[in-house]
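The following exercises concern a single protein model. Each one sets a task and then works through the solution step by step.

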Amino acid sequence: MRYLLAVLLLVCTYSCFSAKGLPIKEVKAPKTTETETENINSTSNTSTTEALLDHSSWDALLKIYVAKNGDVDYKGFQSDAQKLDEYINYLASKVPTNNWSLNEQLAYFINVYNANTIKLIIDNYPTKSIKDISNPWMKNRLKIGDEDYSLADIENGILRKMNEPRIHFAINCASYSCPKLLNTAYTTDNVQELMERATKEFINNSEKNKLSAMQPKLSEIFKWYKSDFTENGSLIDYINQYAETKISAYANIDYIDYDWNLNEQN
């Protein structure tokens with residue numbers, strides 16, 4: 001029995017399944033150095049021809065309608081809704097398989113989440129907040145193949161199971177306090193670099209986190225998903241990997257109330 005459990009654990013480490021049966025791969029260990037990030041890039045960046053995806057149409061939309069600070073022109077996206085729908089339908093037709101690399105899966109699911117969040121907003125625009133929309137995260141609003149998914153399915157049932165805490169800074173919830181939406185699409189080639197960049201920018205953004213040695217005030221993301229950041233150390237250990245102002249191990253952590261107002265361009 002112990003042998004069987006060990007075998008099952010080994011198999012799951014390489015490839016597990018989401019709640020709705022999609023095969024998902026996991027990061028084998030959290031990345032704490034640039035060398036480890038390079039190692040993951042070199043070992044997980046290969047994919048089959050069948051699984052190669054084209055995110056260029058999404059990249060073009062992001063560059064037109066998302067500012068460098070992450071604010072979004074939702075009216076502009078609404079005027080280009082057909083192109084957004086075409087990209088979302090394209091993603092829905094590309095069902096992940098075991099042949100996909102880790103990086104390809106990460107880029108795919110991050111883009112699925114972000115593109116469908118934009119669609120959710122423009123389908124209900126104008127709105128002051130995503131929370132003004134009925135059941136925004138739990139209702140099935142998107143498809144992958146023939147299966148219906150909610151945004152929560154993508155975040156909690158897939159991305160969080162991949163053991164990659166940086167995904168929390170890559171996906172965007174259309175709100176002011178969220179990590180900013182980058183105006184570049186995630187791809188197999190850039191996903192590690194962009195997640196690293198997004199994490200550093202968010203942690204050191206003084207509007208999102210007030211870093212200090214003894215009395216830091218952090219985004220509530222670090223409270224809601226604390227377990228994701230503490231598998232191999234404390235929350236402070238994780239933040240200090242990226243923080244320009246280091247937090248003492250003896251610091252008293254407080255949290256900043258989340259601002260759910262829409263991250264809309266003025």
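A disulfide is here a pair of cysteine sulfur atoms within 2.5 Å. The model is a predicted one, in which local features need pLDDT of at least 70, side-chain atom pairs count only at pLDDT 80 or more, and totals for chains, interfaces and linings use all residues. Residues are numbered from 1 along each chain as its sequence is written, and side-chain values use heavy atoms, with hydrogens and water left out.

**Exercise 1. Identify the disulfide of the structure and determine its handedness**.

Step 1. The structure contains one disulfide. Its partners are Cys173 and Cys178, whose sulfur atoms lie 1.6 Å apart.

Step 2. The torsion about the S-S bond of Cys173 and Cys178 is about -45 degrees, so this disulfide is left-handed.

Step 3. For the surroundings, apply the accessibility classes: buried means under 20% relative accessible area, exposed over 50%, and partly exposed in between (1.4 Å probe, protein chains only). Cys173 is buried at 11% relative accessible area, and Cys178 is buried at 2%.

**Exercise 2. Describe the extent of helix α8 and list its buried residues**.

Step 1. Helices are DSSP runs (H or I, at least four residues), numbered from the N terminus. Helix α8 covers residues 191-203, which gives it 13 residues.

Step 2. The expected span of a helix is 1.5 Å times one less than its number of residues. From its first C-alpha to its last, α8 reaches 18 Å, close to the expected 18 Å.

Step 3. The buried residues in α8 are Val191, Gln192, Leu194, Met195, Glu196, Ala198, Thr199, Phe202 and Ile203.

**Exercise 3. Which side chains does Glu196 meet, in a salt bridge and in a polar contact?**

Step 1. A salt bridge requires a side-chain nitrogen of Lys or Arg within 4 Å of a carboxyl oxygen of Asp or Glu. Glu196 meets Arg166 in such a bridge, at 2.6 Å from N to O.

Step 2. Arg166 lies in the loop between α7 and α8, whereas Glu196 lies in helix α8, so the pair ties together parts that are 30 residues apart in sequence.

Step 3. Both Arg166 and Glu196 are buried; for Glu196 the relative accessible area is 16%.

Step 4. A polar contact is a pair of N or O atoms within 3.5 Å; within protein, one must be able to donate a hydrogen and the other to accept it, and residues adjacent in sequence count only if both atoms are side-chain atoms. One of 3.4 Å joins the side chains of Glu196 and Tyr242.

**Exercise 4. Is Ala152 buried or exposed, and which residues does it touch?**

Step 1. Ala152 belongs to helix α7 (residues 151-159) and is buried at 10% relative accessible area.

Step 2. Contact means heavy atoms within 4.5 Å. Not counting residues up to four places away in sequence, Ala152 touches Trp137, Met138 and Gly157.

Step 3. Ala152 and Met138 are 14 residues apart along the chain, and their C-alpha atoms are separated by 5.7 Å.

Terms used: Helix = DSSP H or I, 4+ residues; strand = E, 2+ residues; numbered from the N terminus.
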